[in-house]
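Please look over the structure shown below. The report that follows takes its features one topic at a time.

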Amino acid sequence: MIEDIRVDPAVSALRPDFAVLAMAVYGLRNGPTDDRSRAWLATAAQEAVSADDPKVEAWREAYRAFGAKPQRTRPSVDALVRRMPLPEINLVVDAYNTVSVRHGLPIGGEDLGRYAGAARLVRAVGDEPFEVIDKGETVIDTPEIGEVVWRDDLGVTCRRWNWRQCVRTRITEETTDALFLLERLAPMSLDELHAAGEELKALLEAVTPGVKIESRLVEHE
């Protein structure tokens, strides 16, 4: 699956500097937030980049490039660094949120058991289904034409590059196999991107010793 992940040329044309480190993880034993992951979050909150960091600003610029208004729908890392203390979700989500704010990069987490086909980053046609919760019920929304979205064979899995994840593929305490997407724009270096991947790997191995992890850097075609 990880070998089939791709970035559409229409997205690369917007930001040729975009790269994503994809990590497929198999055999996780997730669970609720505990004292260990609370400590990760607390330390990360102290070490987090600011919302004014050039790495975060790069994402606001990327959103403007496809017509989004980042002050209304913020890039995930921009929203997260403004949300302190960091939210407690579950062990795995706590782990990737920890890495996200320390490095100033968006990280998406997807439940591979609920994924259909390969992940791809594309410009939306505008009729792709996107599942969200509204007033406690699942409803189907659609992206705007030209919006940058992650999708699989069933529909959009994340809108506006990394703004909002769909309900279907979110990571829960029952997730055992997961896909993580660590997204990079300049001025973040590829070395820092790989370092962030190693940090996430270490946290996931702390959650589940012996977990199987595969990774691949995906750049423009």
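## The second largest pocket

The second largest pocket holds about 150 Å³ of space. This is a predicted model. The residues that line the second largest pocket are F66, G67, A68, K69, R72, T73, E144, I145, G146, E147 and R160. By class, this lining consists of 3 nonpolar, 3 polar and 5 charged residues.

F66 belongs to a ring pair with W161, and the charged end of R160 sits over the ring of W163, 5.1 Å from the ring centre.

## Aromatic rings

Across the whole structure, a search finds 6 aromatic pairs. In the pair of F66 and W161, the ring centres are 6.2 Å apart and the planes stand at 50 degrees, so this pair is tilted. It links distant parts of the chain: F66 lies in the loop between α3 (54-65) and α4 (76-81), while W161 lies in the loop between β8 (156-159) and β9 (164-165), 95 residues apart. Both residues, F66 and W161, are buried.

Ring pairs also connect a group of residues. F18, W59, Y63, F66 and W161 are linked in this way into a cluster.

## The largest pocket

How many residues line the largest pocket, and which lie nearest its centre? The lining has 32 residues, and S76, Y96, W163, R164 and Q165 lie nearest the centre. The volume of the largest pocket is about 850 Å³. Two or more lining residues come from each of α4, α5 (91-103), β3 (107-111), β5 (130-134), β9 and β10.

The lining of the largest pocket is made up of 19 nonpolar, 7 polar and 6 charged residues. W163, whose ring has the charged end of R160 over it, is one of the residues nearest the centre of this pocket.

## The cavity

Rolling a probe the size of a water molecule over the atoms shows where empty space is left. For cavities of 30 Å³ or more, a search of the whole structure finds 1. The largest cavity has a volume of about 30 Å³.

Its lining consists of K55, W59, G104, L105, E183, R184, L185 and M188. The elements that supply two or more residues to this lining are α3 and β10 (177-184). Sorted by class, the lining of the largest cavity has 4 nonpolar, 1 polar and 3 charged residues. W59, one of the lining residues, is also part of the ring cluster.

## Strands

Strands of a sheet pair through backbone hydrogen bonds, either parallel or antiparallel. β3 and β10 run antiparallel and are joined by 5 bridges. Within this pairing, G108 stands opposite L181 in β10. Why is β3 largely enclosed by the rest of the structure? The reason is that 4 of the 5 residues of β3 are buried.

Another group of 5 strands forms an open sheet with mixed pairing, in the order β1-β4-β7-β8-β9. β1 (6-7) and β9 stand at the edges of this sheet; each has a single partner strand, so one side of each is left without a neighbour in the sheet. Further inside that order, β7 (residues 148-151) and β8 run antiparallel and are joined by 2 bridges. W150 has C158 in β8 as its bridge partner.

Terms used: Residues are numbered from 1 along each chain as its sequence is written. This is a predicted model: local features need pLDDT of at least 70, side-chain atom pairs count only at pLDDT 80 or more; totals for chains, interfaces and linings use all residues. Side-chain values use heavy atoms; hydrogens and water are left out. Rings of Phe, Tyr and Trp (its six-membered ring) pair if their centres lie within 6.5 Å; planes under 30 degrees apart count as stacked, over 60 as edge-to-face and the rest as tilted. Buried means under 20% relative accessible area, exposed over 50%, partly exposed in between (1.4 Å probe, protein chains only). A charge sits over a ring if NZ of Lys or CZ of Arg is within 6 Å of the ring centre and within 35 degrees of the ring normal. On a 1 Å grid over the protein atoms alone, a cavity is a set of points where a 1.4 Å probe fits but cannot get out, and a pocket is an open set with protein on both sides within 12 Å along at least five of seven lines; lining residues have an atom within 4 Å of a point. Grid points are joined across faces, edges and corners, and a volume is the space filled by probe spheres set on the points. Ala, Val, Leu, Ile, Met, Phe, Trp, Tyr, Cys and Pro count as nonpolar, Asp, Glu, Lys and Arg as charged, and the others, Gly among them, as polar. Two strands pair if DSSP finds at least two bridges between them.
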